[in-house]
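Hi,

Here is the structure I promised to send over. Have a look at it first, and then read on for what turned up in it.

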Amino acid sequence: MRRLILIAVPYLWLLAFFLVPFLIVLKIALSDYNLSIPPYTPQLDLSAGWQGIKDFYDALDFENFTFLTSDDLYWKAYLSSLKIAVISTFMTLLVGYPIAYGMAQAPDEWRPTLMMLVILPFWTSFLIRVYSWMGILSNEGLLNKFLLWTGVIDQPLIILSTNTAVYIGIVYTYLPFMILPIYAALEKLDGSLLEAAEDLGCSRLSAFWLVTFPLSRSGMVAGCFLVFIPALGEFVIPSLLGGSSTLMIGKVLWEEFFSNRDWPVASAVAVVLLLILVIPIVLFQRNQERQQEAER
Amino acid sequence: MPQKVFAPWDDPQEKPLIQFKNVTKRFGSFTAIDNLNLDIFEREFFALLGPSGCGKTTLMRMLAGFETPTEGTIQLSGKDIGGVPPNQRAVNMMFQSYALFPHLSVWENIAFGLKREGKDKGAIETRVSEMMRLTRLEKFRNRKPHQLSGGQRQRVALARSLAKAPKLLLLDEPLGALDRKLREETQFELMDIQEKTGTTFVIVTHDQEEAMTVASRVAVMDEGKLVQVATPDRIYEGPNSVYVADFIGDVNIIEGRAHQTGDKVQVIWSESEPPLMATTQKNFSLDQKCYMAIRPEKVGISADRPTAANALKGKILDIAYLGNISTYHVELPSGHVIKAQEANTRRIARRHFTWEDEVWISWTDTAAVLLEQ
């Protein structure tokens, strides 16, 4: 009985806060746009009894999903989001790996402090941190002022409102999600493995490539998914730092909801986005399971 | 046909494979190795024995190249190897934790060092197969380390470190992670493999039984110094100090004053008891402080007064029954407790002695060793 309750609690939670909202969104995605409150039809009329439910069911269709394929804005936005998410994930890996490696190599007494420094940005609102990047990257921003002062450039660089700013924003925001799993993998690494590799004829560098790198792979995979999944649907960073040419599906979704007030199309966009994300999430789960198995 | 006894250390013509010359190693203000000189010969199975923190691991890590001596030189086949990094030494090491690469299979682990040498595929395959046959691992070729038992992992580690045919193999507590039964079997396997391959082995251990079983010579270390370097039997029968006598096996130490005549020494050790007799090659001055070390198995125990040179009367305080042997703790009237050991050749129901029995303990005048310190 106690076990049943323990199992039931998380499932009920998921049911109430994930499955039910998803079904509501799916229902809206299958509805049609209408100038009313709420702005879609059909509405479920329970007072009409069985006939009401039947009418409601008959009025649902996949029209909005067909519409997504007919207007190239949507698939371009999906592709562009994928591209931005992939590139920024890769860049986060490039920046995050050396940091995690440095942390794992640091003396024991330094590690909690370094860990603290990685987590510290979370203490400030995400929105404020993205806004402050606007202050740094704008034409009269701190970065341009500094570069002009040092004489490296004589014209201010245009970074804000470009894809570059979006990449910087994503890499900055999601860096801790990359560092922490890689650090966890590197920290567990037994130092005698590297000594053994050296003893068997490896140089320091080849020992890194043949031992450290493959053994931190699971950490890298976990980090990449933790960055890729939220980056794909990212909305705040492209709308604050990106320009009009930055096309991301999160932004399109927001515009459909709040500018066009076309809830059914917006819901369809959201449902497709979720379906796209299911693939990496499943792969992520597999990676975690494999890693646990290897540790046993 | 009598075999020629393997004892290159007694032959002045023999060139040592490894020579430590006045080697000192300091970590900050801590001296791990203190002005140490040591020769290790080819084909030897050399054991470094000592309590944790005595410097034995540091000594081994200097041989592997992970540490460099602060002072002095280490020579391998007559060449100073002080500045040679670990990946260029003809020395391989078997790590205490085995340090098997968890992402590689048994085959890939063993082939790891050979691949770094850039050997061709055929040669690697032949050598790895040979190593797997030697360590009986053929069945586990494609397994990953986490799919192996402790004993199998130990064998993979051994095969991997032997694959490159090093001049010298270092073994850091190689059997520490195995249970007792398996450890005893593996000790003989190790000796067998050492003999077959003809490699010089240096083993670090804190287990004196293990050192005595496998080694051709044992070095007992304490606080960065070598206390005694000798064959297992000489270490056991002729320890040069109380420290060695106490560290290797069980021993009774009786402190007294020496009265020497020729090679006989009377040891005056108690007001009430008669002096004890021992023979020695050393010279003790009159009333010099000395320690008589006598192994429990050399102490006889009987109900009637025996005729041996040393006989003392006492009372049984405790009996440690180990199955094959029993150790009797006999308290003398002076308060000393002497341990005597007897093989249990009869069934326990017929044991002669029990607690509180009055007994005689005795040993001959050649059974004990007299030590100056």
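This is a predicted model: local features need pLDDT of at least 70, side-chain atom pairs count only at pLDDT 80 or more; totals for chains, interfaces and linings use all residues.

**Helix pairs**

Let me start in chain B. Helix α2 (residues 106-116) packs against helix α3 (residues 121-134) there at an angle of about 125 degrees, and the two axes are 10 Å apart. On the α2(B) side the contact is made by V106(B), W107(B), I110(B), A111(B), L114(B) and K115(B), which meet I124(B), E125(B), R127(B), V128(B), M131(B) and M132(B) of α3(B). Sorted by class, that contact has 9 nonpolar and 3 charged residues, with no polar ones.

Chain A has a pair that is also oblique, α9(A) and α10(A). Helix α9 (residues 191-199) and helix α10 (residues 204-215) of chain A pack at about 140 degrees, with 9 Å between their axes. Here too the crossing is right-handed. If you want to find the contact on screen, look for L193(A), L194(A), A197(A) and E198(A) in α9(A), facing R204(A), A207(A), V211(A), T212(A) and L215(A) in α10(A). The residues of this contact split into 6 nonpolar, 1 polar and 2 charged.

What about helix α5 of chain A and its packing with α8? Helix α5 (residues 111-119) and helix α8 (residues 163-188) of chain A pack at an angle of about 155 degrees, their axes 10 Å apart. That is over 145, so α5(A) is roughly antiparallel to α8(A). The crossing of α5(A) and α8(A) is left-handed. From α5(A) the contact takes R111(A), M115(A), V118(A) and I119(A), and from α8(A) it takes P176(A), I179(A), L180(A), Y183(A) and E187(A). By class there are 7 nonpolar and 2 charged residues in it, and no polar ones.

How many cavities of 30 Å³ or more does a search of the whole structure find? The search finds 1. The largest cavity has a volume of about 60 Å³. Its lining is made of Y236(B), E237(B), P239(B), A245(B), V251(B), A293(B), I294(B), R295(B), K298(B), A367(B) and V369(B). Two elements of chain B, α7 (232-237) and β14 (288-294), each supply at least two of the lining residues. The lining divides into 8 nonpolar and 3 charged residues, with no polar ones.

Then there is the second largest pocket, which holds about 400 Å³ of space. It is lined by 13 residues, and those closest to its centre are F6(B), R43(B), Q194(B), E195(B) and S216(B). Which element gives the largest share of this pocket's lining? That is helix α5 (residues 180-197) of chain B, with 3 residues. By class, the lining of the second largest pocket has 6 nonpolar, 4 polar and 3 charged residues.

Cheers

Terms used. Residues are numbered from 1 along each chain as its sequence is written. Chains are lettered from A and ligands numbered from 1 in the order in which they are written. Side-chain values use heavy atoms; hydrogens and water are left out. On a 1 Å grid over the protein atoms alone, a cavity is a set of points where a 1.4 Å probe fits but cannot get out, and a pocket is an open set with protein on both sides within 12 Å along at least five of seven lines; lining residues have an atom within 4 Å of a point. Grid points are joined across faces, edges and corners, and a volume is the space filled by probe spheres set on the points. Helices (H or I, at least four residues) and strands (E, at least two) are DSSP runs, numbered from the N terminus. Ala, Val, Leu, Ile, Met, Phe, Trp, Tyr, Cys and Pro count as nonpolar, Asp, Glu, Lys and Arg as charged, and the others, Gly among them, as polar. Axes are lines fitted to C-alpha atoms, for helices over the stretch in contact, and angles run from 0 to 180 degrees between N-to-C directions. Angles under 35 degrees count as roughly parallel, over 145 as roughly antiparallel, 65 to 115 as roughly perpendicular and the rest as oblique. A crossing is left-handed if the near helix is turned anticlockwise from the far one by less than a right angle, and right-handed if clockwise. Contact means heavy atoms within 4.5 Å.
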